[in-house]
Amino acid sequence: MMKGKRFFVKTFGCQMNVNDSEKMAGILTSAGYEKTENLKEADIVIVNTCSVRAKPDNKAYSFIGELKKLKKEKPELVIAVTGCVPQRDWKFILDRYPHVDIILGTFNFHKILDFIEALERPSVEILDTFLENEGEVVPSIEPLLTNPFVAYVTVQRGCNRFCTYCIVPYVRGRERSVPPENVVDEVKRLAEKGVKEVHLLGQNVDFYDYNGVRLPDLLYMVSQVEGIERVRFTTSHPAGFDISIIKAIKEIPKVCEYVHLPPQSGSNKILEKMNRGYTREEYIEKVLMLKEEVPSVALSGDFIVGFPGETVEDFEQTLSLVETCVFDQAFVFEYSPRPLTRAFSFEDDVPKKEKNRRLTELNNLLKRQAEERNLALLGSVQEILVEGLSPSNSEKMIGRTRNNKIVIVDRNDSLIGNLVNVEIEEATPFYMRGKVIKQLAGVERW
């Protein structure tokens, strides 16, 4: 295929999918292709999919279906489907969507250029999820960043937990940690390009372990990179979250005071049925220890309501856990059966209407907590990294506090990519507004 053609990337799912999409975009850009945000002017369309829940799964299929019309109007259009959905359902895609040209799974998305330039319709390559893999299977790739100041760095892929509701082990494979020197080298390259904040990503980042180098060690190593001002990590698993990680948050100035620690449920019966590997008491103990050691920390989490066998009493236990732990942000999902998982064979016995009721009640509680936590910051001075213009108002700019809260300030283009101090003047459950009072220079604040 002639270089200089344009490509469009549609991403569904988690931050790791975003990172994978940025890497595919980086591969194509380096080869002379141009990224476009206009689907209709694209010569190549990449659909990077997620199948963790039914909703993004269905959205991906809907989008792939809509591309049939575009393909009819533009027969030379190349359509590639990558990620978790083809890792599980590549034969279905091949049969149901004949307008798709390339199908790649989670282990070989980095081959996207090879498949485009040697296109034979249809081209399919899905690697076995449970092959024994030593180290990281994805080579070092320069990503095309969505945000020039904030970057994701995947440090761990796959999962060994086998929660009964979760498809990740079946589409992402077993846990594999990236060598720490590779992580540090990637972070150095990002810093040289002007990145100020890095997010270390893993399906279960707390279980990062490469020849005895664990997550706290990696946090210390990454924090030594000159030019990087903030370090975050996600997603934590309660079974792997321990005092050594808490100490790293407390002791390393660049590590931000924010932890995403999904409890999923507050009922021991349901946690056991989910195969989560911890009890509600253990979860609460770790959260209270975290908040005692790092008082300014913000806590976020994920919850599933209506899991098979969840009674009203079980749901009340989840509400109780939320009231005890207090969350700054959370994501609540109604249970949806996923093929391949153990729970797929469980009776989905909570009615849809009841699932919806529980979701609404839990969301209302979490919203009240988020608003109270943000209102407590009125009048305080918070450090934010100004990321760019607000998507909804070009006269405003947005940034995030160290504990990951969105703050809106008046537009001043000279602040983009800089750390500034902001006095909080207004608070809602989802964001805050403030006025800039000082721009920070490098590590001056330490």
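Entry 1: I started with strand 16 (residues 381-390) and strand 17 (residues 393-401), which run antiparallel and are joined by six bridges. A note on terms: helices (H or I, at least four residues) and strands (E, at least two) are DSSP runs, numbered from the N terminus, and two strands pair if DSSP finds at least two bridges between them. This is a predicted model, where local features need pLDDT of at least 70, side-chain atom pairs count only at pLDDT 80 or more, and totals for chains, interfaces and linings use all residues. Residues are numbered from 1 along each chain as its sequence is written, and side-chain values use heavy atoms, with hydrogens and water left out.

I looked up I384 and found that its bridge partner in strand 17 is T401. Two residues make the hairpin link from strand 16 to strand 17.

Next I followed strand 17 on to strand 18 (residues 406-410): they run antiparallel, with five bridges. Here M397 stands opposite V409 of strand 18. The hairpin of strand 17 and strand 18 has four residues between the strands, and N404 in that hairpin takes a positive phi near 70°.

Entry 2: Then I turned to an open sheet with parallel pairing and the strand order 2-1-3-4-5-6. Strand 2 (34-35) and strand 6 (123-125) are at the edges with a single partner strand each, so one side of each has no neighbour in the sheet.

I checked strand 4 (residues 78-83) against strand 5 (residues 102-104): two bridges join them, and they run parallel. A80 has I102 of strand 5 as its bridge partner.

Helix 3 (residues 84-96) packs on this sheet, touching strand 3, strand 4, strand 5 and strand 6, and its direction makes about 135° with that of strand 4. Contact means heavy atoms within 4.5 Å. Axes are lines fitted to C-alpha atoms, for helices over the stretch in contact, and angles run from 0 to 180 degrees between N-to-C directions. Helix 2 (residues 54-73) lies across strand 1 (6-11), strand 3 (44-49) and strand 4, at about 170° to strand 3.

**Entry 3: a lining.** Which element gives the most to the lining of the second largest pocket? I found helix 12, with six residues.
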